[in-house]
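I open the notebook on this entry and go through it element by element. Notes follow in the order I looked things up.

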Amino acid sequence: MELGNFLNDRPDHGAALSLAGLTDIDALCAHAAEIRDRGHGSLVTYSPKVFIPLTQLCRDVCHYCTFAKVPGKVVAPYLTPEQVLDIARAGVAAGCHEALFTLGDKPELRYAAAREALARMGHATTIDYLVEMARLVHEETGLLPHANPGVVDFDNLYRLRQISVSQGLMLESATTRLCSAGGPHHGSPDKLPAVRLTVLDEAGQLKIPVTSGILIGIGETRRERIEALLALRDLHDAHGHVQEIIIQNFRRKPGTKMANAPEPSIDELRWTIAVARIILGPDANVQAPPNLSPHGLRALVDAGINDLGGISPVTADYVNPEAPWPHLRLLARETEIAGKLLVPRLAVYPKYVQDLREWVDPALHVSVQNRVDASGLPRTDDWCPGANMTPPRTPEVTDSGTLLHFLGSEMFRKIETAGHGERLGERDVTRLFEARGSEFRMVCAAADELRIASKGDAVTYIRNCNINYTNICAYKCQFCAFSKGKAHADLRGKAYNLSLTDIQEKSREAWQKGAIEVCLQGGIHPAYTGQTYLDICKAIKSALPDMHIHAFSPLEIWQGASTLGLSLPEYLAELKAAGLGSVPGTAAEILVAEVRKVLCPDKVTVEQWSDVMRAVHGVGLKSTATIMFGHIEQPAHWARHLLLIRDLQAETGGFTEFVPLPFVHMESPLYRRGRARRGPTFREAVLMHAVARLTLHTQIDNIQTSWVKMGRDGVRSTLQAGANDLGGTLMYESISRAAGAAHGQEMTPEDMDALITEVGRVPVQRNTLYCTVPRREEAMVELARYHAALR
């Protein structure tokens with residue numbers, strides 16, 4: 001059999017069953033690892049959890065199990081609510097995300113002690129009590145429940161879906177032979193394969209993310225393992241809900257009927273993992289518990305796993321008490337030696353986090369969103385844009401082995417391609433955004449090398465002011481805390497609408513303070529027409545002929561042209577004649593239609609935004625380009641956005657800079673309604689600048705960092721990750737403040753210079769067009785030439 005046939009396509013049932021005859025384990029593992037890397041790159045995940053053994057009573061009698069006990073061998077039939085909360089609170093203190101509820105199957109059907117204990121607590125069934133305890137843990141501690149309830153019916157699966165983010169049920173085996181007399185499942189009605197497959201199928205119908213898997217070494221054959229894996233694959237193909245497949249190796253335990261049974265060897269486990277990866281494909285999550293294979297983690301990773309399962313810093317593995325959890329630092333080091341990075345995850349996998357409406361009950365959405373980054377993995381720090389807090393330290397690369405591994409990696413090849421100025425594909429850019437650990441530092445270092453090559457050590461900024469002429473807006477952007485309309489009436493600040501005289505006065509004050517540019521944007525006031533924007537330009541120019549007007553987002557330009565019945569080029573020609581000098585590339589947010597439908601459904605479309613920019617550049621005006629990120633979107637959307645900007649720049653050449661704008665969440669309606677994350681993580685915010693530098697290389701030379709959103713400490717990091725511009729001194733900034741940002745309204749030139757020199761760079765004042773301007777007089781000369789060319 002040619003294994004290469006399965007690199008891109010999973011084997012059909014016949015081909016999969018034929019894998020049972022393959023004995024070259026090293027070849028299987030190498031092939032499986034290559035498949036795994038296509039789906040998961042350099043990451044290996046685990047879930048920081050607490051193990052809550054709600055009851056160890058069980059009606060089944062599996063011949064290898066020491067978790068299940070009889071009433072006389074337990075202190076009490078069930079943990080009390082106080083005991084459950086004590087375990088959960090210890091987990092919170094240790095940084096856990098998951099509360100894993102494990103219990104025996106329907107003990108009340110076998111034991112009077114269980115029935116009596118439930119009755120005293122006001123419950124008829126163990127599942128009733130599980131529902132109550134899972135809800136209690138979530139409400140009191142915020143931990144995300146994952147339930148292993150055993151075999152339950154459709155209605156109880158639905159009840160459990162309402163209080164847990166995921167559920168688990170091991171298939172163990174698909175053969176009924178093991179349920180016959182003498183088999184390990186004899187006398188255990190809940191272990192019949194057809195019964196368990198029915199539960200798993202109904203979980204799929206209910207859109208429940210489930211964990212399942214097989215137990216190897218209990219008397220099954222290799223072919224029977226493959227049959228079980230195919231049964232699980234078929235269920236997942238039907239419903240898309242099997243989030244993880246566990247390959248668990250049998251461990252014999254004293255006092256059980258299988259105490260003297262042989263355990264599967266590490267090679268048998270490697271064979272099974274590799275075959276599972278080949279059958280399930282690159283995107284599947286394949287797990288093997290590391291505590292059941294001490295000193296064997298490298299072999300498990302090399303065989304094709306991408307997950308280590310739940311690991312608890314607080315509680316024991318009650319199912320395998322003889323096998324303690326390895327220390328996380330040891331696991332992280334062993335994973336690194338295997339060429340991977342160990343990162344935490346939630347009980348529910350990223351794929352399902354990124355589609356919460358489909359897969360998780362609404363009552364749990366806020367708890368999930370507040371914990372995750374754009375990839376659906378847990379946030380690793382508390383930093384958020386606009387907040388007055390010190391960002392975390394970025395990882396350093398000190399290990400020569402790590403560096404050598406990176407130099408031969410696919411990540412290095414993508415960076416090298418970008419460095420040559422070639423256009424990356426969407427998947428390539430998305431992969432850059434997934435960089436963590438040493439990869440993150442190396443991506444940032446590569447971006448900064450390109451910055452040095454194209455811009456040297458200069459860090460530029462402009463003396464300007466922001467005038468937001470009205471916060472009254474007829475549009476319903478879900479993220480906006482600045483606008484005042486019916487949807488946002490409870491947010492900070494009163495509604496206002498500046499007069500032309502007010503705008504002139506603010507512009508004069510800014511001019512007197514040394515500003516050479518006025519940046520104007522605002523809400524789309526219901527009474528505004530295209531004439532309003534023309535009048536604003538004329539008012540400023542009549543008072544300050546030499547002030548550069550950088551004004552009006554593509555939304556305002558689109559709306560202005562449509563209200564006057566003019567084409568975009570016609571209206572832009574009138575704006576130019578009235579004094580408009582350049583255009584801010586805001587209103588972009590995320591230039592992906594599916595995101596905009598939620599984020600800003602009545603705003604300009606992706607195509608309309610692009611058409612405005614083509615028209616702006618077509619009449620000779622320059623513009624910026626922006627991205628507003630960290631709310632509901634995913635890294636693939638960032639990649640699509642960057643590539644759209646790159647392609648548009650290749651077409652028109654009109655963008656002067658790219659400006660990442662991290663989402664400030666505090667007062668955002670979208671966040672307050674529980675529908676958005678709390679901005680990007682610090683890693684993501686820094687990466688956006690670095691990946692922008694790499695993706696836009698040879699097309700856009702200037703990458704700006706926002707001191708208003710990143711803060712002084714955040715700016716220092718972005719300046720070492722590809723950024724070369726600090727934007728403007730601003731003076732009257734109000735949009736970020738309305739969203740909750742705490743970094744001030746203005747940064748003086750002296751503050752700018754100090755910040756830049758602190759990182760060993762050279763401060764340089766510029767004008768809107770990125771011409772160096774030591775004095776305002778020289779700036780005016782350059783801008784006068786530009787405006788003359790426009791005319």
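**Helix H18.** I began at the end of H18, where Gly-456 follows the helix with a positive phi, near 70°. The model is a predicted one, and I read every value below as computed from it. I then checked the length of H18 against its residue count. With 19 residues at 1.5 Å a residue, H18 should span 27 Å, and its end C-alpha atoms are 27 Å apart, so the two agree. I also listed the buried positions of H18. Among them are Phe-440, Met-442, Val-443 and Leu-450, but the list also holds Glu-439, Arg-441, Asp-448 and Arg-451. Cys-444, Ala-446 and Ala-447 complete that list.

**Helix H17.** Which residues of H17 are buried? I found Val-429, Thr-430, Arg-431, Leu-432 and Phe-433, within a helix that covers residues 426–433. Next I looked up what these residues pack against. Their partners are four helices: H16 (410–419), H18 (437–455), H25 (635–652) and H27 (682–695).

**Ser-375.** I went to the loop between H14 (365–369) and H15 (400–407), where Ser-375 lies. Is Ser-375 buried or exposed? Its relative accessible area is 14%, and the limit for buried is under 20%, so Ser-375 counts as buried. I set aside the neighbours within four places in sequence and noted the remaining contacts of Ser-375: Pro-350, Gln-354, Arg-436, Pro-635 and Glu-684. Pro-635 falls in H25 (635–652) and Glu-684 in H27 (682–695), two of the helices that H17 packs against.

**The six-stranded sheet.** I traced an open sheet of 6 strands with parallel pairing, in the order E11-E12-E13-E14-E15-E16. The edges are E11 (464–468) and E16 (655–662), and each of these pairs on one side only. From one strand to the next, the twist averages 30°. I then looked at one edge in detail. E15 (residues 622–629) and E16 run parallel and are joined by 6 bridges. Within this pair, Thr-626 stands opposite Val-659 of E16. I also found H27 lying across E15 and E16, at about 145° to E15.

How many residues of E6 are buried? I counted 8 of 8 over residues 242–249. I followed the pairing of E6 on to E5 (residues 210–216), which is parallel over 7 bridges. Between the two strands the chain passes through H8 (residues 222–239), and E5, H8 and E6 make a right-handed β-α-β unit. E6 also runs parallel to E7 (residues 286–287), with 2 bridges joining them. In E7, Val-286 is the bridge partner of Ile-245. E6, H9 (residues 266–280) and E7 make a right-handed β-α-β unit as well.

Cys-465 is in no disulfide, and the nearest cysteine sulfur, that of Cys-519, is 8.4 Å away. Are Cys-465 and Cys-29 buried or exposed? Cys-465 has 0% relative accessibility, so it counts as buried. Cys-29 has a relative accessible area of 3% and is buried too.

Notes:
Residues are numbered from 1 along each chain as its sequence is written. This is a predicted model: local features need pLDDT of at least 70, side-chain atom pairs count only at pLDDT 80 or more; totals for chains, interfaces and linings use all residues. Side-chain values use heavy atoms; hydrogens and water are left out. Buried means under 20% relative accessible area, exposed over 50%, partly exposed in between (1.4 Å probe, protein chains only). Two strands pair if DSSP finds at least two bridges between them. A crossover is right-handed if, with the strands pointing away from the viewer, the path from the first strand over the helix to the second runs clockwise. Contact means heavy atoms within 4.5 Å. A disulfide is a pair of cysteine sulfur atoms within 2.5 Å. Axes are lines fitted to C-alpha atoms, for helices over the stretch in contact, and angles run from 0 to 180 degrees between N-to-C directions. The expected span of a helix is 1.5 Å times one less than its number of residues.
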